[in-house]
Amino acid sequence: MRVSLNEIQVMCRKAFEGMGFAPGDCEDAAELVGWLQLQGLDGVGALEKALLYLQAEAAQPYALSHEDDALLVIDAKGQSVLRCAATVVELAVAKAMRSGQAELRIHHCHNRLLLLGYLSRAAVQGLHVQARWEDARQCHLADFTAGIQRPALLSEARPAADTAEQGIRVLFSRHGQTATAPANPQSTLQQGFTVNEHTWQRLKQLAEHILVESTDASRRHGAGGGSDAD
Amino acid sequence: MPNTVPAIPALRPASQVMDLARLGSHFQSPLSFVRSSMRRMMQQHWHIQRSCFDLDGQGFGTAIYRIDTPHGHYHCVIFSAYLPPEKRSDRVIADQWDVTFVLVKGDVDAEQLADLQRNVPLQEAGRFDARVLVLSRANRSLRNFDRFLAALAEGQQPDPSQLAEVGYLYRTTAVYGNGKFGIADFGCLQDNPDFNQPFSAQMFTVYLLRHFSIEQINHMAQALDPQRAVQLAPALQRYLGVGNATGLGMAPFLINHPQLVERWISTRETALALVLAQPADPDRLVRLQALLARARLHVEQSRTEDQRQHEQNLQTLAELALLTTWLGAQATGAGLWSRLLAWAEAQAGVGCQELLASLLLELYPEQVTPLAEHMGVNESWQLDAQMPLGQLRQLIEQQYGWALEYDFSAVDAEHFFWYRSAEKEEPRLGMRAEEPGAEKEMQLGIARNIQQCHAALLKHLQLEPQALTAHFLIAQPAFKGTVRRLQGMAQTTYGEIRANLLARDMLPIHLLRCKLAFFGAGKFDPKSSRWVRITLFQGAPLVSDIGQPFADDWNFAVRPQGER
């Protein structure tokens, strides 16, 4: 089915709220899915893969393992980057802005592709951003030119013998020129976005968790509707 | 005499402007969206033409209007159908309406028309694409409709006092834009000079419904009695607006879009400050007196069964009389407008004060109306993760002192909770102590959130006096939304509505009125503390007036004389 960007963002925000995301994280995560979709990266599809983890995990704060002027190491305790990675990205960005370069390492996290939306904000602020992570088969690199929202993505096979680390390393650096980011093409918005109907229904079910069952009393008084007689 | 330039008076303080009862006393102004929409139509000579009017004698069928502007063309497609009495409801939980309609960009071919025919009457249950800019529906005011039809069919003009009481034939019950149900995202309109201001496409669509309502009633009268029927007189056509019935849904919008609220309010306050800085000349004094007289008559002709609104109207009328007398004894010159507002602040209630503010904005259109083209804002939040936590504490205590003052240990302070009902997600208010669902409440208790955040922050500071905001949020991620919002809003003057929306004595209707006044609503007629009917476009030029000289002077419409 085809949906608008606003529908994606509103549906995701409600679904995240339904999954117990904190205020602020709901909006960030929903915006991120919308951003991926705008970049042609199938944010809704990526979210569907993440739902398995998101629904199973109990939210708990990330742990700050190490911090100095140029390095931030976080233990996400096996949670999705959607939970609260936006905050640690902001802190790493602030370090890079101040000292020219900073590295962020998030250990024990899932759904790493989804972090790219948060990193794009850093790139738009003028930072060169390189994110590296690996899965069982491949090593991945996402490279954001300063000023440009959309990264260059590169994946290559990794040695089968090594054990993949369930984390992500991101290098932020402030140097060189900043390119001018092209605005999101209106043609993309005007065409809408194709999403999987089954996924959409799953999101809808999650979003329903924030709704309160209607009762006769709430139907009569809750909205304070007046007479429709005239 | 020294050649002095009068200083621009300071903007009114947020503590005054953002008080909920004052926001709930706003009136339409030249910055209201119906006014800026009308100016654009008139100044650019938009061309509105009927391209299909396939209605039967009872007014049921399809009507299509083509709109040509200097920048593009559009179509408004309207479906009118029989509505069984038991289905008649203004609430969002309704699933059938008298008319349903859309504003479409570009042309509408047969295939799309068939698609619209299937989906538009379903409203929220239909699916649309980005060619559709606005989706809406409306119900008839049965009383006015029947009386108007009967009078016109008999060759008589209807009694204008009926329109003074209820100023429309149709009232909309929702006007959807921005991507709802697959229609165009607001981003699609940002580079479109016809509709790049907030709610401008929606307001224009409502204006087209007004035009349709006039053509439809004339058509039905003609069908009822072809020999005797007459057309609705032009003065009554102009006095006809479009109604709107609004419930709690508008309240979350204002709380969830503080940057937009900041833009609207700061624009209005900036305009007011510009006006107050002008020396009063005799012509403008005469103009203000005429505006005051018309506004008094308009308020006098407003009818409501709501006791609070009725009493406020009476008070405003009495105060306007005193204000007019005071003004009559003043000399023109520098400082008069400021002294006038100061007089109102000292002697009158917020209703009279805000009505005066709206009227003052009418006096200097060359300064005020350009500001109406900048009512949009690109909403985004940026967390300042590096801000020392001590600084964040200061920010809360300095900028959100008002929120820290509420006593949330009192039961009445959290009496209400806001929630979305499973029934079409209708926003509702529940009583925390008596009704289920508080665990799913919407986050509209900004003051409570600020207090909770402040308390957690103080604890964190005790453990880590040198902590940054990010450290606090890594440990307490639940406060991220609150922190990011307050960091952003602390940079602005207005935006946060200074009220505890959970309190027992809170009146949600104030929030509705604030937003509706920015739309350009008049004739506020509350049906409860959570529900209000209003009128838009009453007094506005007709489609046939487009191309004629335009004075942009149609606010506070009064009942026409001698039309019967």
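These notes cover a sheet in chain A and a helix in chain B of a predicted model.

1. The sheet of chain A is open and has 7 strands, in the order β2-β3-β4-β8-β5-β6-β7, with mixed pairing. Its edges are β2 (63-67) and β7 (152-157), each of which pairs on one side only. Direction ignored, neighbouring strands are turned by 15° against each other on average.

2. One residue pair can be named here: A:Ala152, in β7(A), is the bridge partner of A:Asp143.

3. Two helices of chain A pack on this sheet. Helix α4 (residues 85-99) touches β3 (71-80), β4 (101-110) and β8 (168-173) of chain A, and its direction makes about 165° with that of β4(A). Helix α5 (residues 116-124) touches β5 (128-134), β6 and β8 of chain A; the angle between its direction and that of β5(A) is about 160°.

4. In chain B, helix α21 (residues 508-519) passes a simple length check. With 12 residues at 1.5 Å a residue, α21(B) should span 16 Å, and its end C-alpha atoms lie 17 Å apart, which agrees.

5. How many residues of α21(B) are buried? The count is 12 of the 12, so α21(B) is largely enclosed by the rest of the structure. The buried residues include B:His510, B:Arg513 and B:Lys515, as well as B:Ile509, B:Leu511, B:Leu512 and B:Phe518.

6. After α21(B) comes B:Gly520, with a positive phi near 115°.

Conventions:
Residues are numbered from 1 along each chain as its sequence is written. Chains are lettered from A and ligands numbered from 1 in the order in which they are written. This is a predicted model: local features need pLDDT of at least 70, side-chain atom pairs count only at pLDDT 80 or more; totals for chains, interfaces and linings use all residues. Helices (H or I, at least four residues) and strands (E, at least two) are DSSP runs, numbered from the N terminus. The expected span of a helix is 1.5 Å times one less than its number of residues. A residue is buried if 20 or more other C-beta atoms lie within 10 Å of its own, exposed if 12 or fewer, and partly exposed in between; C-beta atoms are placed from the backbone. Two strands pair if DSSP finds at least two bridges between them. Axes are lines fitted to C-alpha atoms, for helices over the stretch in contact, and angles run from 0 to 180 degrees between N-to-C directions. Two residues are in contact if their C-beta atoms, placed from the backbone, lie within 7 Å.
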